[in-house]
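Hi,

Here is the structure I promised to pass on. Have a look, and my notes follow below.

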Amino acid sequence: MQTNNLNTELEEQHLAAVKDNYLKLQAEIKLWQREQAPGAVAEFQLASASPFFTLDSLPEESIIDLWQRLNRVADEPQEKADLRILLDKFKNGEPLVNPAAARLQLALAGVARMICQHLVPNPGEANQPFGTCPVCGEKHFMTLLAPPVGKRYQQCLVCGYQRPVNASGCACCGSMEAKKQTYLKSEQYPGIEVAVCSDCGSYFKQVDLRELSVEDLVWEDIRTMPLNYAAEKWLAGQNGWN
Ligand SMILES: [Zn+2]
Ligand SMILES: [Zn+2]
């Protein structure tokens, strides 16, 4: 497949600044999780059936506390009372302005991850169904091909739950029709491809961990944002890369 240079130098510089900021916020999240996990996890009850929790059911005090910490790190401090009002708005479907909304998403994921890590049992090796996350019910994920044989896993980018899934098929809708699925790659991003499914009109990224070592899938998703645009163009029928 023909590839374009998707990032200009200017975009690379912007990406480096975004990464710095991202790493700073992630460091704060890890610190907060270590401090808060014992108390927050002890009080939390998983649902008896999947999904074991939803973002709406996470403890609000934890979300607000972490969100406030992230705002402080970003030098945009806000009072908890104000954050509570904003969280209510967000839950009612009102859009929040960036970057406060972006930090709220990080806070939600930080709390979800902490609860998933401490309370949800290991998934074992039997393949699980594709689709939304069985732990948090979200549909923001990547698939991974693990060494040595490329066994496939689906990992939720919200709560971090990783489960084994079938080696082929659309991880969004489960369609097994190979000719309905197109894999787009770019030389710029070795080891990662975006799978586009014409059965459900969705796309998802797949990382081959035999080719590429990835420490942080969420960052990998952000870093490779041009692949999203390529997939959207493809789905819109413009076939933009050729
Ligand atoms: Zn999840
Ligand atoms: Zn599909």
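How many residues lie between E2 and E3 in their hairpin, and which glycine in the turn has a positive phi? There are 5 residues between the two strands, and the glycine is Gly160, with a phi of about 85 degrees.

Before the rest, some housekeeping. This is a predicted model, where local features need pLDDT of at least 70, side-chain atom pairs count only at pLDDT 80 or more, and totals for chains, interfaces and linings use all residues. Residues are numbered from 1 along each chain as its sequence is written, while chains are lettered from A and ligands numbered from 1 in the order in which they are written. Helices (H or I, at least four residues) and strands (E, at least two) are DSSP runs, numbered from the N terminus.

**The strands**

Strands count as paired if DSSP finds at least two bridges between them. E1 (residues 141–146) and E2 (residues 151–156) are antiparallel, with 6 bridges, and Ala146 sits opposite Lys151. Their hairpin has 4 residues between the strands, and Gly150 there has a positive phi near 80 degrees. The loop between E1 and E2 also holds Pro148, which is joined to Pro147 by a cis peptide bond with omega about 5 degrees. On to E3 (residues 162–164): E2 runs antiparallel to E3, with 3 bridges, and Gln154 has Arg163 as its bridge partner.

**The helices**

H1 (residues 9–43) packs with H2 (residues 60–73) at about 150 degrees, axes 10 Å apart. Axes here are lines fitted to C-alpha atoms, for helices over the stretch in contact, and angles run from 0 to 180 degrees between N-to-C directions. The pair is therefore roughly antiparallel (over 145 degrees). Residues are in contact if their C-beta atoms, placed from the backbone, lie within 7 Å. On the H1 side the contacts include Trp32 and Leu25, and on the H2 side Leu66 and Arg69 are among them.

Most residues other than glycine have a negative phi, and most peptide bonds are trans. Asp75, in the loop between H2 and H3, has a positive phi of about 65 degrees without being a glycine. Asp75 is exposed, with 6 other C-beta atoms within 10 Å (exposed means 12 or fewer, with C-beta atoms placed from the backbone).

Cheers

Methods
Parallel < 35°, antiparallel > 145°, perpendicular 65-115°, else oblique. Contact = placed C-beta atoms within 7 Å. Buried ≥ 20, exposed ≤ 12 C-beta atoms within 10 Å, placed from the backbone.
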